[in-house]
Amino acid sequence: MSTEEEIKYDKSLLNKESYIGEFNITKEMIDSFCKSTEETNPLFTNEEHGGIIAPPTLCNIFMSKVTRPDIKIEFGDGTFFAGQALDNINPIKPGDKLTVNTRLKEVFAKTGRSGKMVFEVWETKFANQDGLITTLVRESFVHRKRS
Amino acid sequence: MATNIAFDEIDLGDEIGPSDKMITTNQVFEFVKILESKIEASRFTDSEFAKNEGLNEPIVPGALTTAVMAQFISNWATNLKIKTLDVIFRHMVPHNTTLKLIGIFTDKFTEDGSDQLQCDVFLQDENEVKLVIGKATIIVTKN
């Protein structure tokens, strides 16, 4: 098992928030999301149910718009998307304006059957117009040597 | 859609599903159109583009796959709310093929007065190969 000290990357980026942008949530956006997933849950589709809220993974559609700084890892020759985790903290509603920031949360190494791998974990925060965090999305990327 | 479920009715090892699901090309196009006014050729929408990226065929966007897995869990009962969902993509998910969703409850606990469940969830292909694996923490609301 390697320690973080052995991994060379731009450590000045660790925990430094980068502003990504703002996204307006519309009812049409939620409707389209529900249509594409064939969603029928009245919480997300029926306004008479007490006002719709967004399905729990709606924020994921914005993740393709998140551009992250290059942390200049000096390891491996291939990078793969390893997975993601979503934390739903407060509901998202039509009319919300979400402000998005991202930060490098951690970099760590693991050694498995195929050798050493370095994981780069980013946390992206979605907050609404009242400053309440609605969603946290953590994405992991793994760097490894192909051969 | 199901009805409410009582926290006490759920035991570790209880399963959700299995449930068959197909994500069609039309659904992928609808999904891509949420943010894009015009559908550009990509690994999700175009066979040639996908082949040039070394894929056999266009694939389902990861965000759509995740949405389907979340939907599978949250629609099992009317009083479930997904608190967290972790997913690991093991293989590409193709369009227009039969997929199988399965969930298994692995833990239950009460935290700060909130009844919660942990559930492993799998998206498999027809050969029961796990394409995406996930773990959800679910709040069981009392109403």
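Modeller: Happy to! This is a predicted model. Let's begin with the strands of chain A: β2(A) pairs with strand β5 (residues 133-144) of chain A in the antiparallel sense, over 10 bridges.

Colleague: Which residue of β5(A) stands opposite A:Asn88?

Modeller: That's A:Thr135.

Colleague: And how many bridges are there between β4(A) and β5(A)?

Modeller: There are 11, and that pairing is antiparallel too. As an example of two facing residues, A:Glu123 stands opposite A:Arg138 in β5(A).

Colleague: What sits between β4(A) and β5(A) in their hairpin?

Modeller: Five residues lie between the strands there, and A:Gly131 in this hairpin takes a positive phi near 85°.

Colleague: Okay, and which strand does β3(A) join by a hairpin?

Modeller: β4(A), through two residues. Those strands run antiparallel and are joined by 13 bridges. Strand β3 (residues 97-112) of chain A also has six bridges to strand β1 (residues 18-24) of chain A, again antiparallel.

Colleague: Nice. Let's zoom out. How many helices and strands does chain A have?

Modeller: Two helices and five strands. Reading from the N terminus, the order is β-α-α-β-β-β-β. Its C-alpha atoms fill a box of roughly 55 × 30 × 20 Å along the principal axes.

Colleague: What about chain B?

Modeller: Chain B comes to three helices and five strands, running β-α-α-α-β-β-β-β from the N terminus. For chain B the box is roughly 50 × 35 × 25 Å.

Colleague: Where do the two chains meet? How many residues are in contact?

Modeller: 24 residues of chain A are in contact with 24 residues of chain B. Together the chains bury about 2,100 Å², with 56% of it on carbon and sulfur atoms.

Colleague: Why give an area for an interface?

Modeller: The accessible area lost when the parts come together is often used to give the size of an interface.

Colleague: Got it. How many salt bridges are there between chain A and chain B?

Modeller: Three. For instance, B:Glu36 forms a salt bridge with A:Lys65, and their closest N and O atoms are 2.6 Å apart. The interface also has 13 residue pairs in polar contact.

Colleague: Which elements of chain A give two or more residues to the side that touches chain B?

Modeller: They are α1 (27-37) and β2 (78-88) of chain A. The most comes from β2(A), which gives eight residues. By class, that side of chain A has 10 nonpolar, nine polar and five charged residues.

Colleague: Last topic: the backbone. What should I look at?

Modeller: Some background: most residues other than glycine have a negative phi, and most peptide bonds are trans. A:Lys72 has a positive phi of about 55° although it is not a glycine, and its place is in the loop between α2 and β2 of chain A.

Colleague: Which residues does the cis peptide bond join?

Modeller: B:Gly17 and B:Pro18, with omega about 5°. You'll find B:Pro18 in strand β1 (residues 15-22) of chain B.

Colleague: Great, thanks!

Terms used. Residues numbered from 1 in each chain as written. Chains lettered and ligands numbered in written order. Predicted model: local features only at pLDDT ≥ 70, side-chain atom pairs only at ≥ 80, totals over all residues. Heavy atoms only, no water. Contact = heavy atoms within 4.5 Å. Buried area = accessible area lost by both parts, 1.4 Å probe. Salt bridge = Lys/Arg side-chain N within 4 Å of Asp/Glu carboxyl O. Polar contact = N/O pair within 3.5 Å; in protein donor to acceptor, adjacent residues only side chain to side chain. Helix = DSSP H or I, 4+ residues; strand = E, 2+ residues; numbered from the N terminus. Nonpolar A, V, L, I, M, F, W, Y, C, P; charged D, E, K, R; others polar. Pairing = 2+ DSSP bridges.
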